[in-house]
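Let's take a friendly walk through a protein model. Have the sequence and the 3D view open beside you as you read.

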Amino acid sequence: MTVKVEVIEGGVPHTKILIAGLVCTIVCLYLSYLNVVTNTEMFSFFGGLAAIAALIWGSHTIKVLCSYGIGTGVPSAGMIAFGSGVIAMLLATTIKVDVAIPIVALVLAAIIGLILGYLANEVLNMKIPAMIQALTELAIVGALTLMGLAVLITGKFTFVGLTNGSVTLLNSVSMPSYQVSFIGGGLTAVAFLLGAIAIQHPFNACLGPGWKQDRMLMLTAECGFLSMIVAAFMSFALIDAVSAIISLLIALIGWLYTYGEYIRMSKRDAYAWLDSKPIPDVEGH
Amino acid sequence: MTAVAAKPAAGSAMNPTAMVVGVILLIILLVIAAFVSPGLGLMALIGVIIGGVLIGFGVHFVPVGGAPAAMGQAPGIATGVAMLAAGAGLAGLFGGAWAASQGFAIAIITGGVGGGMMMAITCMMVNFVYVFGMGIPAASGKVAKDPITGDTQPEYKSQGTEGHGLPFVSFVGGVTGGILGGAGGTLIYLELLSLYQATLPNVMNASSAQVLPIAVSVAGTFAIGMFLVNAVLTAYNITGTIEGPHDPKFKRWPRAIVASAVASALCGLVAILIVTI
């Protein structure tokens, strides 16, 4: 393809974003384990925060990868991230030791991403220096983002927790139902696309000669909170209303803040802007 | 930074060492599958690999134009491989999944027809927009004559472009790619669905009717995931744009076959491990 993406120096180095993103995601996922410790669902919102931390890291990885001009469009990187991530995440949830699940997901996704990176770089002869590392990171980001959204929606990250649900009949009798669950209800597919859109959009929207790191990462956070709002709405079906409202409030506040910041940064980076009101008041006609 | 200097060197050249490593990886993954789940699991994995290879091969047929096509400066559909493959493949996959209860052969044919129809409609509407909206004729920049109809191309090609619109051969390629992709995606779904329907009741201690939503959902999610992985790897193989089966880039398909087979084997093995450990 003929589109060339300019590489711009400056900003926080990628390694730092990688480490910060990884640590924040894992810590937030483990904080959501407070649900099990305290036997509530109040801490589900940590799942959403984990997803946003992973997305911020992932969108910067996409920036690193796509700066080489891979020719397939930025969204393809988001798609392969979640395509490989969902597979690793679902296998990791079946591990019997609950506490190990996020780490197992990380390791599994890293293995899958490593092999996919090798295939792309060597078998398909792409020869892009950042390819293997980027696809490994993206698979991890995909797996952890999905796990975060799963925690946000259901409060748990075990296979049993994600597949078991219950329906209440006649306001009293509670019956187990596999259909009212994260996996059985097909919410995996929704979480998949909520994450995939949030990870590929920021660089796709911000790339070009005027690319600024903080603006792109703020847009990622904004997209992440937007996905979190939708996921928080879905969580009303699977966790108690108070916990879902907490998630929704945090998502709304986060979205409003990041949206405002993003608009501020866009105005800062723009050459000039005119605040044209949506419909001007026309009087005296 | 070195990023600008180091342009992707993906040419048509093959990397023999990497191809051999890929085949060895494929065999290792098959052996692991035979070890953890002989019989049912291994058969499912072989089906998944065939499905993945069909997807990888099928994507080569689809005329992907990318951004230049949106400006009428290159032939093809004006979007990226991932989007096109997802559109056609998922349309096929949904069609095939709907027909899953009708039997294996009918479901796969339905999947293929679904993918093919999606691409046929897309290709037709793309040409409609090109011809009546943008006022440009369909002309290939890669061949002098359409390999199927024999129509000459250069007279219709604007100067400074690589061709534009969708010539007949690209249209046929798009439909062929849709059929292969839809059938491949459906094959992956059916193999995983039959595996999960057979094993999940034991794993979850529930009746087969109760686990059906889980089996359908997990198999569907995996099929979508594998479809996207294979489609994006193939997109990397053709580095973005391709005109269809007559494009010189089409000759790169052996690399994509190896990559798709290994990637499908890897993802398929993970999918099988869910019900075996």
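The radius of gyration is taken over C-alpha atoms, and the globule rule is 2.2 Å times the number of residues to the power 0.38. For the 285 residues of chain A, a compact globule would come out near 19 Å, and chain A has 20 Å, which agrees. Along the principal axes, the C-alpha atoms of chain A fill a box of roughly 70 × 60 × 30 Å.

This is a predicted model: local features need pLDDT of at least 70, side-chain atom pairs count only at pLDDT 80 or more, and totals for chains, interfaces and linings use all residues. Residues are numbered from 1 along each chain as its sequence is written, while chains are lettered from A and ligands numbered from 1 in the order in which they are written.

How confident is the predictor? The pLDDT is its confidence in each residue, from 0 to 100. Chain A averages 86, and 92% of the residues score at least 70. Over residues 1-7 of chain A, however, the pLDDT is below 50.

**Helices and burial**

Helices (H or I, at least four residues) and strands (E, at least two) are DSSP runs, numbered from the N terminus. Chain A has 10 helices and 2 strands, in the order α-α-α-α-α-α-α-β-β-α-α-α from the N terminus on.

A residue is buried if 20 or more other C-beta atoms lie within 10 Å of its own, exposed if 12 or fewer, and partly exposed in between; the C-beta atoms are placed from the backbone. Buried residues make up 56% of chain A. Helix H3 (residues 45-66) of chain A is largely enclosed by the rest of the structure, because 21 of its 22 residues are buried. From first C-alpha to last, H3 of chain A reaches 31 Å, close to the 32 Å expected at 1.5 Å a residue (the expected span is 1.5 Å times one less than the number of residues).

| Residue | C-beta neighbours within 10 Å | Class |
|---|---|---|
| Asn125(A) | 22 | buried |
| Thr220(A) | 28 | buried |

Asn125(A) sits in the loop between H5 and helix H6 (131-154) of chain A, and Lys127(A) lies in the loop between H5 and H6 too. Most residues other than glycine have a negative phi. Asn125(A), though not a glycine, has a positive phi of about 60°, and phi of Lys127(A) is near 55°, also positive.

Thr220(A) belongs to helix H9 (residues 213-235) of chain A. Two residues are in contact if their C-beta atoms, placed from the backbone, lie within 7 Å. Not counting residues up to four places away in sequence, Thr220(A) touches Leu55(A), Ile56(A), Ser59(A), Ala198(A) and Pro202(A).

**Where the chains meet**

How many residues does each chain bring to the contact? Chain A gives 45 residues and chain B gives 56 residues. The largest share of the chain A side, 11 residues, comes from H4(A). By class, that side has 26 nonpolar, 16 polar and 3 charged residues. Here Ala, Val, Leu, Ile, Met, Phe, Trp, Tyr, Cys and Pro count as nonpolar, Asp, Glu, Lys and Arg as charged, and the others, Gly among them, as polar.

Leaving aside neighbours within four places in sequence, its contacts include Leu124(A), Gly22(B) and Leu233(B).

Conventions: pLDDT = per-residue confidence, 0-100.
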